[in-house]
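User: Hi! Could you walk me through this one? I'd like to look at it piece by piece.

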Amino acid sequence: MQHIGQFLAERPHLRYIFTGGKGGVGKTVCAAVLALRFAEEGKRTLLASLNPVHSLTSVFGQDLSGGQIRPVAGVPNLYAVEVDASDVVARYRENIAQRVREFLRYADIPVDARPFVDIAVTNPAFEESAMFDKMVDIMLKEGQEFDRVVFDTAAVANAVRLIGLSKIYGLWLQRMIESRKEALSLRQQLAFRKEKVMEEIKKDAMLADLISMDERFKAVKKLLVDPEQTAFFFVTLPLTLPISVVRRFITMVEAYDIPVGGVLVNGVIRREEAERAAGDEYLQNKFREQAGYLRMIQEDLGPLVRAHLPLYKTEVVGLEMVRQAAADLFDPHQDWALALVS
Ligand SMILES: Nc1ncnc2c1ncn2[C@@H]1O[C@H](COP(=O)(O)OP(=O)(O)O)[C@@H](O)[C@H]1O
Ligand SMILES: [Mg+2]
């Protein structure tokens, strides 16, 4: 296995780091650990939470809420933002509504836009799409001020799907742009002011909007598929379901050329821990079961495993514990965990 430290050392230009996996496996903890590590290496780092329910405040044991980028106390170079989902959703909703209204006007469809807007904004993936849009924003704008941006996001699957869609979407946008240009130039020709065509095209708000959407999408896609700049890390526990979620995600992102950083195995019970708790039947059973799952991980994902994180006695809360977890994750001696496989 190539250890996380080695992997990162080989990618000095890495900029966008994602953690994905099933709910509750430790994505937020791993994102915090990676971000802390980058900051401690002297890299200006932004940790951005795009979850509907945030946990950065709880992980760092300090108030990081409010939707603004805030410095993390006690860690120079580290900044965090818990993106306000309701705010993002409201703004995205208005944006979509505007697009629908403009489209209907442009297509000369004299109907009430409201039902169309309602359909567009009440689909079940709307919040995810809004958060994805915000992620694109952070990558292209705020993120440019940082050496590294670590995303703690529930929307990994959504990000991937949208990249898959972007080809069709790009074609659609191209068509829209062409037909808008045609319509404008036709109108200009009729008015016998050909020289004004380009000028008019440049002033057209809807066309400008389409072009900027297209450019934004292309720009972010370029970043997301660049293995020098982007890495997706998948977090799993030594349990069946989280392992299959990781397997599925990896197949999915590879199909879209998104670079996989590797797999982080969280919540591994240490042998000493199991021996110390000899009378704890629950822990003994867990410890025995875990060997089978660790073997499964080695067999299925072996070359992608980057590190193991032990199961702690308490939740990972507060800077001191994040520091401890960083020390464990970045400990190059991973033999303690690998020995558990046999
Ligand atoms: N190695 C660990 N040992 C003990 N508790 C952990 C460990 N990793 C995560 N936790 C705890 O498990 C819960 C879920 O972790 P979290 O990072 O929030 O998962 P996710 O973001 O994937 O939903 C949190 O309460 C966290 O503190
Ligand atoms: Mg989380």
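Predicted model: local features only at pLDDT ≥ 70, side-chain atom pairs only at ≥ 80, totals over all residues.

User: What kind of aromatic pair do Phe232 and Phe234 form?
Analyst: The count comes to 6 aromatic pairs. Phe232 and Phe234 make a tilted one, with 6.4 Å from centre to centre and 35 degrees between the planes.

User: Which residues form the aromatic cluster?
Analyst: Phe232 and Phe234 are in it, together with Phe18, Phe151 and Phe249.

User: Switching to charges over rings: which ring face does Arg11 lie over?
Analyst: Arg11 sits over the face of Phe7, 3.8 Å from the ring centre. Another case is Arg148, found over the face of Phe38 at 4.6 Å from the ring centre.

User: Now the sheet. In what order do the strands run?
Analyst: The order is β3-β4-β2-β5-β1-β6-β7-β8, which makes an open sheet of 8 strands with mixed pairing.

User: Which strands stand at the edges?
Analyst: Those are β3 (70–71) and β8 (305–310). Each has a single partner strand, so one side of each has no neighbour in the sheet.

User: In what sense do β2 and β5 pair?
Analyst: Parallel, over 5 bridges, between residues 45–49 of β2 and residues 148–152 of β5. Within that pairing, Leu46 stands opposite Val149 in β5.

User: Which strands does helix α10 lie across?
Analyst: α10 (residues 240–255) lies across β6 (230–236) and β7 (260–268), at about 160 degrees to β6. Helix α13 (residues 319–329) lies across β7 and β8, running at about 135 degrees to β8.

User: One more helix, α2: how many of its residues are buried?
Analyst: 12 of its 14 residues are buried, so α2 is mostly covered.

User: How far apart are the end C-alpha atoms of α2?
Analyst: They are 20 Å apart, which agrees with the 20 Å that its 14 residues (27–40) should span at 1.5 Å a residue.

User: And which residue with positive phi follows α2?
Analyst: That's Gly42, with phi near 95 degrees.

Terms used: Residues numbered from 1 in each chain as written. Chains lettered and ligands numbered in written order. Heavy atoms only, no water. Phe/Tyr/Trp six-rings, centres within 6.5 Å; stacked < 30°, edge-to-face > 60°. Lys NZ or Arg CZ within 6 Å of the ring centre and 35° of its normal. Pairing = 2+ DSSP bridges. Helix = DSSP H or I, 4+ residues; strand = E, 2+ residues; numbered from the N terminus. Contact = heavy atoms within 4.5 Å. Axes fitted to C-alpha atoms, helices over the stretch in contact; angles between N-to-C directions. Expected span 1.5 Å × (residues − 1). Buried < 20%, exposed > 50% of the residue type's maximum accessible area, 1.4 Å probe, protein only.
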